[in-house]
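Work through the exercises below with the model open. Try each task before reading its solution.

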Amino acid sequence: MKYLTFKNGDKIPMIGLGTYKADEGRVYEGIRSAIKIGYRHFDCAHNYGNEAEIGQALADAMAEGEVTREELWITSKLWNDSHQEHEVEPAIKHTLKNLQLDYLDLYLIHWPMAVKHGHEFPDKAENFYKPGEISLSETWAGMLKLREKGLAKHVGVSNFNVAQINQIIADTGEVPEMNQIEVHPYLQQNELKEHADSTGYFITAYKPIGSGDLVNENMKKRGIPSMMQNETLVKIAEELNAPVSHVLLAWLRQRGIVAVPKSSNATRQEENFKSMSLELTDDHMDAISTLEKGFRYVDATFFCGGESPYTVEDIWGK
Ligand SMILES: NC(=O)c1ccc[n+]([C@@H]2O[C@H](COP(=O)([O-])OP(=O)(O)OC[C@H]3O[C@@H](n4cnc5c(N)ncnc54)[C@H](OP(=O)(O)O)[C@@H]3O)[C@@H](O)[C@H]2O)c1
């Protein structure tokens with residue numbers, strides 16, 4: 001396993017298991033198989049609705065001596081309905097209870113937008129807070145208190161743009177330790193990666209394998225092939241005698257980006273884990289850098305439109 005090292009010496013494994021849309025009832029087995037394969041990093045979130053099942057799998061694996069708490073890296077995320085400063089600690093405590101843990105290794109603000117408590121995906125205007133009504137710095141102040149109290153060893157953000165990160169740093173003097181964002185060859189995030197390197201935080205990539213074979217309506221409209229069918233990626237994979245998924249994950253690792261591919265299937269979990277041993281050449285890296293399309297699988301339109309006061313520009317920046 002390769003790691004990135006935080007300022008206090010803690011090490012985050014560069015590959016973790018994503019758990020979004022891990023089907024209810026299959027999550028438990030998925031976590032147990034991943035631990036047997038060697039995964040120690042698990043990317044969770046309150047909003048995925050499966051933390052209790054994950055917690056049971058982690059507890060059983062620890063009870064059976066497969067892994068210790070110290071060997072695990074557990075990330076979770078604060079949902080949009082708990083952005084007021086006083087709501088942050090109850091939210092992490094709820095997550096910790098579900099996960100059967102005393103602390104998280106990393107806790108992230110899931111999205112830079114706020115909704116009224118108890119309305120996870122509101123459709124009525126009155127159930128949203130308007131952009132800025134609860135400042136991101138207020139939520140960030142709540143997150144920093146969790147680190148002081150030891151409830152989360154590290155704190156950061158997710159889906160934040162450069163301006164939002166600069167704002168919370170300006171208001172609190174504290175740099176988030178991580179920004180979890182969508183990154184893959186069709187959305188390379190060079191601006192945020194440069195900002196992370198110059199400011200001193202890490203990036204975790206979600207959708208690191210572009211959802212496998214998925215070709216959604218937007219991709220069809222734009223004639224974008226699935227990542228697995230992309231000619232350049234297939235050619236590199238054939239040259240290295242490796243699956244395309246390894247090429248995608250090695251590309252992230254060699255850019256110094258953590259990846260959290262999701263799979264509930266033990267064979268694919270193992271395949272993704274083994275990407276750690278693949279090395280791309282500079283020519284491969286250069287060829288992949290030409291694939292940028294500004295394409296988002298997670299475009300955040302589900303938070304916008306209708307009576308929502310948010311636009312996609314509020315979330316991703318102008
Ligand atoms: N912060 C955020 O807002 C945010 C947003 C989205 C995701 N995330 C996190 O990032 C994780 C990863 O993102 P994601 O799950 O959306 O997408 P992903 O990891 O890019 O793709 C997962 C999909 O690809 C399939 N797959 C996995 N390994 C494969 C392989 N080697 N070859 C072909 N197909 C493969 C999986 O199916 P099987 O399960 O059947 O293998 C699943 O359908 C999430 O689980 C979540 O933890 C965070």
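Helices (H or I, at least four residues) and strands (E, at least two) are DSSP runs, numbered from the N terminus. This is a predicted model: local features need pLDDT of at least 70, side-chain atom pairs count only at pLDDT 80 or more, and totals for chains, interfaces and linings use all residues. Residues are numbered from 1 along each chain as its sequence is written, and side-chain values use heavy atoms, with hydrogens and water left out.

**Exercise 1. Pairs between elements**

Task: Which parts of the chain does the pair Lys-145 and Glu-85 link? Then treat Glu-279 and Arg-253 likewise.

Solution. 
- Step 1: Start with Lys-145. Its salt bridge with Glu-85 has closest N and O atoms 2.6 Å apart. Lys-145 is in helix α4 (residues 136-149) and Glu-85 in helix α3 (residues 85-99), so distant parts of the chain, 60 residues apart, are linked.
- Step 2: Read the accessibility. Lys-145 is partly exposed at 42%. Glu-85 is partly exposed at 27%.
- Step 3: Turn to Glu-279. This residue forms a salt bridge with Arg-253, with 3.3 Å between the closest N and O atoms. Glu-279 sits in the loop between α10 (266-273) and α11, and Arg-253 in helix α9 (residues 244-254), so the pair ties together parts 26 residues apart in sequence.
- Step 4: Read the accessibility again. Glu-279 is partly exposed at 47%. Arg-253 is buried at 8%.

**Exercise 2. The salt-bridge total**

Task: How many salt bridges does the structure hold? Which residues does the network link?

Solution. 
- Step 1: The total is 13 salt bridges.
- Step 2: Arg-32, Lys-36, Glu-64 and Glu-66 are joined in a network of salt bridges.

**Exercise 3. A negative patch**

Task: Which residues form the negative surface patch, and which helix gives the largest share?

Solution. 
- Step 1: State the rule. Patches are made of residues with over 30% relative accessible area and no salt bridge: like charges are joined within 9 Å, nonpolar side chains (Val, Leu, Ile, Met, Phe, Trp, Tyr) within 5 Å. Asp and Glu count as negative, Lys and Arg as positive; His and the chain ends are not counted. The place of a charge is NZ of Lys, CZ of Arg, CG of Asp or CD of Glu.
- Step 2: Name the members. They are Glu-239, Asp-282, Asp-283 and Asp-286.
- Step 3: Find the source. Helix α11 (residues 282-289) supplies the largest share, three residues. Asp-282 lies in helix α11 and is exposed at 63%.

Conventions:
Areas by Shrake-Rupley, 256 points an atom, 1.4 Å probe, with all protein chains shown as cover. Salt bridge = Lys/Arg side-chain N within 4 Å of Asp/Glu carboxyl O. Buried < 20%, exposed > 50% of the residue type's maximum accessible area, 1.4 Å probe, protein only.
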